[in-house]
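Subject: A structure to look at

Hello,

Here is the structure I promised to pass on to you. Please open it alongside this message, and I will walk you through what turned up.

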Amino acid sequence: MSTVPDVSTEPNIVILSSPEEVDSMAAQHVIKQIHNKPDSVLTLPTGATPVGMYKLLVKAYQDGQVDFQHVTVLNLDEYWPISKNHQESYLQFMYRNFFAHINIPEKNRLIPNGEAKDPEEEATYYESIIQKYGPPDLAVLGIGPGTTCHIGFNEKGSTRNSRVRYVLLDQETRIANAKFFHDIDEVPTGALTQGIADILEAKSILMLAKGPGKAWGIHRSLYGPIGPEAPASFIRDNPSVTVLLDLESASQLPKA
Ligand code: PGA
């Protein structure tokens with residue numbers, strides 16, 4: 001049974017024939033948002049999924065099709081603890097894949113501090129930043145691997161009202177993310193993440209998923225009960241959701 005009141009607007013689920021089409025439609029969606037509102041506030045994700053979208057956004061910027069000068073980015077999450085110089089910190093990820101190549105002013109690139117001494121204090125601070133700049137116009141999200149159904153690092157058990165906080169990562173998440181590190185012991189045990197409430201307050205949500213490893217979680221989150229057992233299911237509480245899927249990640253959805 002649903003633990004939260006239902007809203008009438010169903011997510012717009014778009015199934016595309018290739019991962020590259022997901023990248024392309026995602027980039028177009030973001031560009032349209034910025035054309036409509038040049039000073040958009042965007043919540044943005046990291047991970048393997050959005051890399052292609054960032055490449056296309058960089059290309060669009062280089063081709064003069066979009067200007068990020070007035071955009072503000074609120075990143076979804078960051079490992080804690082992690083050095084700002086660590087190649088796998090989300091700060092470095094964002095710099096390498098996006099910030100280094102476009103014109104978002106440095107002061108508008110907001111991301112939790114993985115080097116903060118006290119993660120609880122940093123969480124309170126980052127929440128105040130979200131309140132200051134938000135609510136975001138658009139939150140772009142991935143979804144966690146396997147059965148995690150996480151958004152940001154909101155692992156199973158995350159509640160509808162959760163805010164920015166320090167969390168321990170599920171073992172399933174650490175195993176999946178070990179591919180980015182030399183071995184699993186190097187994957188940080190915790191993270192700072194925007195909460196479900198922060199994410200849902202975005203005026204619209206764009207979720208991206210690719211590959212067979214996302215098929216179970218996409219089906220569970222879009223068709224199962226809404227609640228903390230599948231944190232991504234909460235996106236259905238936002239009235240303006242678009243989900244872009246390739247054929248593999250959509251493979252467990254009911255056929256039209
Ligand atoms: P991925 O990560 O894009 O690397 O699959 C998504 C996530 O864990 O939210």
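Contact here means heavy atoms within 4.5 Å, and that is the sense of "pack against" and "touch" in what follows. Please keep in mind that this is a predicted model.

Helix H2

Let us begin with helix H2, which runs over residues 51-62. At 1.5 Å a residue, its 12 residues should span 16 Å, and the end C-alpha atoms are 17 Å apart, which agrees. Gly52, Met53, Tyr54, Leu57, Val58 and Ala60 are the buried residues in H2. They pack against two other helices, H1 (19-36) and H3 (90-97), and against the strands E2 (41-44), E6 (138-141) and E9 (205-209). Just after H2 you will find glycine 64, with a positive phi of about 75 degrees.

As for methionine 53, its contacts beyond four places in sequence are Asp23, Ala26, Ala27, Val30, Val140 and Leu208. As a general background, nonpolar side chains in soluble globular proteins tend to be buried together.

The ligand

Which residues surround the ligand? They are Gly47, Ala48, Thr49, Ile143, Gly144, Pro145, His150 and Lys214. Three of these residues are worth a look for their polar side-chain atoms. Threonine 49 has one that lies 2.5 Å from an oxygen atom of the ligand. For lysine 214, the distance from a polar side-chain atom to a ligand oxygen is 2.6 Å. In histidine 150, a side-chain N or O atom is 2.7 Å from an oxygen atom of the ligand. On its own the ligand has 280 Å² of accessible area, and the protein covers 86% of that.

Asparagine 238 sits in the loop between helix H7 (215-223) and strand E10 (241-246). Its relative accessibility is 1%, so asparagine 238 counts as buried. The side chain of asparagine 238 reaches the backbone oxygen of leucine 200 at 3.1 Å. Beyond four places in sequence, asparagine 238 touches Leu200, Ala202, Lys203, Ser204 and Ile205.

Proline 231 is also in the loop between H7 and E10, and it is buried, with a relative accessible area of 0%. Leaving out residues up to four places away, proline 231 touches Thr148, Cys149, Ile151, Asn154, Glu155, Lys156, Ser158 and Ile196.

Finally, is asparagine 75 buried or exposed? This residue belongs to strand E3 (residues 72-75), and with 0% relative accessibility it counts as buried. Among the residues that asparagine 75 touches beyond four places in sequence are Leu44, Met94, Phe99, Tyr126 and Gln194.

I hope you enjoy exploring it.

Best wishes

Notes:
Residues numbered from 1 in each chain as written. Predicted model: local features only at pLDDT ≥ 70, side-chain atom pairs only at ≥ 80, totals over all residues. Heavy atoms only, no water. Helix = DSSP H or I, 4+ residues; strand = E, 2+ residues; numbered from the N terminus. Expected span 1.5 Å × (residues − 1). Buried < 20%, exposed > 50% of the residue type's maximum accessible area, 1.4 Å probe, protein only. Near = heavy atom within 4 Å. Polar contact = N/O pair within 3.5 Å; in protein donor to acceptor, adjacent residues only side chain to side chain. Areas by Shrake-Rupley, 256 points an atom, 1.4 Å probe, with all protein chains shown as cover.
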